[in-house]
Amino acid sequence: MSIVTLLTDFGYRDWYVGSMKGVILGLAPHCTIVDITHEIPPGDVLRGALVLREACRFFPPLSVHVAIVDPGVGTSRKAIVARGGNMFFVGPDNGILSMAVELFEDKEVRAIEREELFLERVSDTFHGRDVFAPVAAFLAKGGEMMSLGRKLSEWVRIPFPEVTHTEAGLEGQVLHVDRFGNGVTNIPEKELRKIGEISSLRVSVEGLPHDLRIRRTYAEVPLGSALALVGSSGFLEIAVNGGDASKLLHLEPGKTRIRVLLE
Amino acid sequence: MSIVTLLTDFGYRDWYVGSMKGVILGLAPHCTIVDITHEIPPGDVLRGALVLREACRFFPPLSVHVAIVDPGVGTSRKAIVARGGNMFFVGPDNGILSMAVELFEDKEVRAIEREELFLERVSDTFHGRDVFAPVAAFLAKGGEMMSLGRKLSEWVRIPFPEVTHTEAGLEGQVLHVDRFGNGVTNIPEKELRKIGEISSLRVSVEGLPHDLRIRRTYAEVPLGSALALVGSSGFLEIAVNGGDASKLLHLEPGKTRIRVLLE
Amino acid sequence: MSIVTLLTDFGYRDWYVGSMKGVILGLAPHCTIVDITHEIPPGDVLRGALVLREACRFFPPLSVHVAIVDPGVGTSRKAIVARGGNMFFVGPDNGILSMAVELFEDKEVRAIEREELFLERVSDTFHGRDVFAPVAAFLAKGGEMMSLGRKLSEWVRIPFPEVTHTEAGLEGQVLHVDRFGNGVTNIPEKELRKIGEISSLRVSVEGLPHDLRIRRTYAEVPLGSALALVGSSGFLEIAVNGGDASKLLHLEPGKTRIRVLLE
């Protein structure tokens, strides 16, 4: 009973996700398909890479993660399969898999070259259905990754944006705005601890006149007030209790700078 | 083959739902996960409670319903498990489970206290993944609810808003606006029958100049016309044939008053 | 392990889809339920029919496809079951199944008349839960379609809008705008080939001052430029590389005319 997860920018309104699932279940009827999300904004490879990174680690060994945000579909960009620890990743070689695979020390990346696994007619614009779905089914049934194609030493990586250490503390950025409007930053808890006790740190959000203290829960500040906290992925988050921080504080992924200082 | 249903306000665009499913499937690989919805508006516990109440009763015995709309996550609010008839309910003790559990005569509520079941590191902001997902998997595998924690006699209930009987008939309200814009009220069919024959009743919608008769199907009135009918959940509904009643008639959940009178 | 697919206009925010799944899994616990989509615009039978047509063919034999966009629910419109090749289709007799069923040479349509299969209390407004879900479960468990009701020779078909051949080439229309804003037309590749070599054709989009050439991939034109290509369903598509063609070129399903001419 293998798990195949799907993460795409296909949305929920067309036949794209359904037809991928049909292909997978036709080839691997006993696998369990799990949608991570299909609402990655069209073509936003960075966002796809981030969401995959955060979701994949909670899945059991041998899960097969298919991630498709693929503006270059049909061009010469490679199709790749990766192993990170004991999980598999399948998708285009445009960086979408890279943040997840880089979580693991023990990893391997291969080109997908066994065309006899693909659907009989491969379209130029829907490799999710015609290439990646059958390859995922092959892996879910216990097929050998090694047999899929040659090992790659070069492949496209999106580097995780690291924080900058400054004299006063550190500087990072808002990485992702979630459904609640919380701004997830690129600042991991362990970097915070390098500066000082969490309780003695101050967080300065670009454009916000006053600094924020780091709280444990949303409810520690009054409704409608801004706060910082270490979120469930282990990164500093900027939030508003009961409100949408991205709107109220004008947080923009990849833009809004966040500084952490000792009191 | 147990069923675990999920109802949250997490939306479909982040990694939150995916990581909960990873945790559940890692612990209970043979369960079937069903999404009720993840589009409860952020923090809207009442709406979550209503949707859970309507959805849960169509599931088979031993289903485990996980419902998480949890603005107080990380505070001292309890985590609870409930049994209603032969179904299980898991979530925060803020009322979200209460309308569903109160459907059943035979019920029991317990605190979730067995911390060794939780994920190794419990975050302060994502108990869905770290607490409720592993507890749901435990129940789905046949774990004893009794072993999870002490029985509670006090727990948070959101009372179902009952109708008011007046001299002229009864008064209720719009409870929920659905995807089609239909206004589901809190007026059950059996209360209508207490006033008189359904066919001789008139429905007065706050702000609407003329009364409505109670029809059987949408198509009984011309396209674009308003009507009332007994909806599929057994409650009076206000609708517009082929249109969005909430927009056209300005229906607001919890606000718009509905009166039912004998002709 | 039979597959039941669901395609509806119920959306993701209410209890409607969840309660259908509860009914199906209660009756056929071993089936795999796959959501095609629940975001068909309310009442848009044509769109539902198109999406079902494109999705269904990628599913394995014996899949049961349930499609419910049903503005006439509760009226005298029939409930039908169809077999197309070795797949089953279940839904209202309003044309929603017709484009999918018409894909198959070998087909059969029957009225659903075995009321003892339905839920005990059949509402007037939610046959998805009360009629179609139990019938789908019956088929998924291997129940005989023949036993469901009498064979129909007349049933509602939505004709697939065919292209018109003109002296200069052919004329079609935008059929569907997908999540990316691509305009999928009703012009199949084989009709293009009747006019001439794909590379020597020009595509004229209503309202667009210049003609488009037919490319193989989005990336063959600069970012932000319009192009035509044969999409993954085998139909001519109008797209903008990295952009939303429906917004930029004002494409409207069922309205925007597309002409294909020899250079």
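**Chain contacts and local features of the predicted model**

Between chain B and chain C, 15 residue pairs, both at pLDDT 80 or more, are in polar contact; such a contact is a pair of N or O atoms within 3.5 Å, where within protein one must be able to donate a hydrogen and the other to accept it, and residues adjacent in sequence count only if both atoms are side-chain atoms. The model is a predicted one, in which local features need pLDDT of at least 70, side-chain atom pairs count only at pLDDT 80 or more, and totals for chains, interfaces and linings use all residues. Residues are numbered from 1 along each chain as its sequence is written, chains are lettered from A and ligands numbered from 1 in the order in which they are written, and side-chain values use heavy atoms, with hydrogens and water left out.

The interface of chain B and chain C brings 31 residues of chain B into contact with 31 residues of chain C, contact being heavy atoms within 4.5 Å. About 2,800 Å² is buried between these two chains, with 59% of that area on carbon and sulfur atoms. In chain B, the residues that lose the most area to chain C are B:Phe58, B:Arg179 and B:Ser232, which together make up 27% of what that side buries. Buried area here is the accessible area (1.4 Å probe) that two parts lose on being put together, summed over both.

Charged pairs also span this interface, with 2 salt bridges counted between chain B and chain C. A salt bridge is a side-chain nitrogen of Lys or Arg within 4 Å of a carboxyl oxygen of Asp or Glu. One of them joins the side chains of B:Arg216 and C:Asp124, at 2.7 Å from N to O. On the side of chain B that touches chain C, β2 (32-37), α2 (45-56) and β8 (169-177) are the elements that give two or more residues, and α2(B) provides the largest share, 5 residues. By class, that side holds 17 nonpolar, 7 polar and 7 charged residues. In this division, Ala, Val, Leu, Ile, Met, Phe, Trp, Tyr, Cys and Pro are nonpolar, Asp, Glu, Lys and Arg are charged, and the others, Gly among them, are polar. Helices (H or I, at least four residues) and strands (E, at least two) are DSSP runs, numbered from the N terminus.

We turn next to chain A and chain B. Here, 31 residues of chain A are in contact with 31 residues of chain B, and the two chains bury about 2,800 Å² between them, 59% of it on carbon and sulfur atoms. A:Phe58, A:Arg179 and A:Ser232 lose the most area in chain A, together 27% of what that side buries. Across this interface there are 2 salt bridges, including the one in which the side chains of A:Arg216 and B:Asp124 meet at 2.6 Å, N to O. Polar contacts link 15 residue pairs between chain A and chain B, both residues at pLDDT 80 or more. At least two residues of the chain A side come from each of β2 (32-37), α2 (45-56) and β8 (169-177) of chain A, and the largest share, 5 residues, belongs to α2(A). The residues on that side comprise 17 nonpolar, 7 polar and 7 charged ones.

Along the principal axes, the C-alpha atoms of chain A fill a box of roughly 60 × 40 × 35 Å. Of the 263 residues in chain A, 64% are buried, where buried means under 20% relative accessible area, exposed over 50% and partly exposed in between (1.4 Å probe, protein chains only). Among contacts in chain A between residues at least 6 apart in sequence, 64% join residues at least 24 apart.

Some individual loop positions are also worth a look. A:Val122 sits in the loop between β6 (107-111) and α4 (127-140) of chain A and is partly exposed, at 34% relative accessible area. Leaving aside neighbours within four places in sequence, A:Val122 is in contact with A:His127, A:Asp130 and A:Val131. In chain B, B:Asn241 belongs to the loop between β13 (235-240) and α6 (245-248) and counts as buried, at 8% relative accessibility. Beyond residues up to four places away in sequence, B:Asn241 touches several residues, among them B:Tyr218, B:Pro222 and B:Leu227.

Most residues other than glycine have a negative phi. B:Leu62, although not a glycine, has a positive phi of about 75°, and is placed in the loop between α2 and β3 (64-68) of chain B. B:His250, also not a glycine, has a positive phi of about 55°; B:His250 lies in the loop between α6 and β14 (257-262) of chain B and is exposed, with a relative accessible area of 63%.
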